Amino acid sequence: MKTQHFLLELGTEELPPKLLTKLLSALKNNLTAELNQLKLNFSTVESFATPRRLAVLVADLQLRQADQVIERKGPSVSAPDQAIEGFARSCGVSKSDLKSRAFGKADYYFFSKAQKGLETKDLLEQAVDKAIKNIPIAKPMRWGDSEMQFSRPVHWLVMLLDTQIVKATIMGLSAGNITRGLRFTGKQEFVIPAAKDYRQTMLDQAQIEVDFEVRKQIIRDQINQVAGDNNAIAVIDEALLSEVCGLVEYPCAFSGEFSESFLAVPEEALISAMKSHQKYFHMLDENHKLLPKFISVANIESSDIAVIIDGNERVIRPRLADSEFFWEQDKSQTLASRLDKLERVLFMKSLGSMLDKAKRIETLAGTIASMIGANEQDAKRAGLLCKTDLVTQMVGEFADLQGIMGGYYALNDSESAAVATAISQHYYPRFAGDSLPSTPEGLSVAIADKLDTITGIYGIGQEPTGSKDPYALRRMALGLLRIMVERKLDLNLKALIFTSLSAHSIEVDSDCAPAIYKFMMDRLRAYYKEQNLSPKAFEAVLAVKPESPFDFHLRIEALDIFTKDAASASLIEANKRIANMLKKHQQLSTEIDRSILLEPAEISLYKATEQVAENIAESTDYINNMRQLISLKVSIDTFFDEVMVNVDDEQLKIARLSLINWIRVLFLSVADVSFLS
């Protein structure tokens, strides 16, 4: 079977850098799906992207579809002649050309014909057209008089099978073999001689690395090299690196400087200005202190780099001056004096203003602080003030600094260090893998803030549905659970949910507490799934309904040790057997008259169970408890081997059922291990 490489390149105006990889992935996946639907085989598919192009290279693409037999099923042989003849006409044949054969319990007419495979070059126009049009674009553009729509205007189209141009007209463009280089230097247009040579041709003719990941690594290496030249450490934010890679085709990193006087401004504000406005990378000294320097990446190599550096230094200066101005202006008012302004900031309809939210956080944070041994007054103070930086000029300009600037302003107001730290960290964790609050007061405020949002939004019927989660409650719930589990806070989640709901207005449905708890448990399930915990282990613990996520975690740890013990398999099956035997005996006690027991095996099991029950009574050391329960294995196995439970003597039968019920209850004090079967 003959094959050739196929190249598709769609040339555009500068694409949105943050969407570049998503556009590329969609084009690759769409084209692959179209080729599969056409039953065209290929070996590999590579994708390439720069700010001005999306490209896909399909290796060893089959040049012709395989011949196939098309078959249609018609009416049964007992159907009226009119129906049979109508089917034959629809197939373009007479009734005599149809064949009958058994299908199920009856015979039916079938029509089949051989269909010769079509040439790939004749199929690619429609496949590529559909692949491009099916790229999901939130805000498509139109340009000129055209009705075409895309993320940005398209200007050229390359479609090659090996060295041959594929005849096609797509997005109003005729396919060719001519691509474009950099806007302001080198060859403006040149030919791609062969599909397989696409990447090398772009490098040779225009010094453009079209492989996104390779280009990103080049930028990373250049940034680190520039930092090394400055005896500094470059801080490379991965999201910013990807964005910069989406902005440049010919990367050329360089460093610039700004006045040391700006270092009097909190470094997070300076970094935010450099990253968000200018896409600069910042540098640290050996003590990890911010240096008055930055690294930028140009999209062209200049013969006079000093001109570019000077231009960038002049641009960053007013940005940093703005940050300095906001800092000085904001310090002139205390956070406490800004509380009145929060009254005019709406949190959510039916949930009141941000001041209402702050007061709820204040109360709940104090309650939580008293439970975990934090300073209650500091937690309440931080809870009340934690949202006031939302009405500062700095946070108004740099929204990503909320909380962080509140901590700085609190210190400026002579609030305690505990209050300032709690304010600065109350949004933690902000994303997967982010740090948790480092102080008890910070933990209290972070829990209170997240819980207030979750219960409030759930309470007004705006909970997540399917894949839609407009208020990021799933992320918030996961962060809340991480705090409780990883900071070892033994808090009753059900009670906290009820307390938080009660603090809201009467418009909030206080009966949704069970639904919120279930939602939180679903997030906890996702948390353990990421850690490759067996779903059965999670369900085994969930079955006993722990009310504290940390207590839940301790049980999970104990179950993990239990399942690694050689005795666990036998005990799991024994628990499953006991659970089945007790289904019709729900009112059994664990109180047993030992004198009723007759057999040595059941007397031995009673004694062993009595000792284990005494050892684990009221203990939350679940690991030790499970080890104690594992010691019952031999006695349980012997009991089931030698003792008949369902005997005619009703008193003896109840005693034996109560004995195994006692064992079941002891296991349930940790988890329902029958779920592990």
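Glu-34 counts as buried, with a relative accessibility of 11%. In this predicted model, the Glu-34 side chain meets that of Lys-130 in a salt bridge, at 3.6 Å from N to O. The pair ties together distant parts of the chain, as Glu-34 sits in helix H1 (residues 20-37) and Lys-130 in helix H3 (residues 124-133), 96 residues apart. Lys-130, for its part, is partly exposed, at 32% relative accessible area.

A second bridge that links distant parts of the chain joins Glu-415 to Arg-381. Here the closest N and O atoms are 2.9 Å apart. Glu-415 lies in the loop between helix H13 (404-412) and helix H14 (417-425), while Arg-381 belongs to helix H11 (residues 376-385), and 34 residues separate the two. Glu-415 comes out as buried, at 17% relative accessibility, whereas Arg-381 is partly exposed at 30%.

Then there is Arg-142, whose side chain pairs with that of Glu-147 in a salt bridge of 3.4 Å, N to O. Glu-147 is exposed, with a relative accessibility of 59%; this label applies because the value is over 50%.

Salt bridges also come in networks: one of them links Lys-357, Arg-360, Lys-387, Asp-449 and Asp-452. Side chains of opposite charge can pair when their charged atoms come close. Across the whole structure, the count of salt bridges is 35.

Terms used. Residues numbered from 1 in each chain as written. Predicted model: local features only at pLDDT ≥ 70, side-chain atom pairs only at ≥ 80, totals over all residues. Heavy atoms only, no water. Salt bridge = Lys/Arg side-chain N within 4 Å of Asp/Glu carboxyl O. Helix = DSSP H or I, 4+ residues; strand = E, 2+ residues; numbered from the N terminus. Buried < 20%, exposed > 50% of the residue type's maximum accessible area, 1.4 Å probe, protein only.
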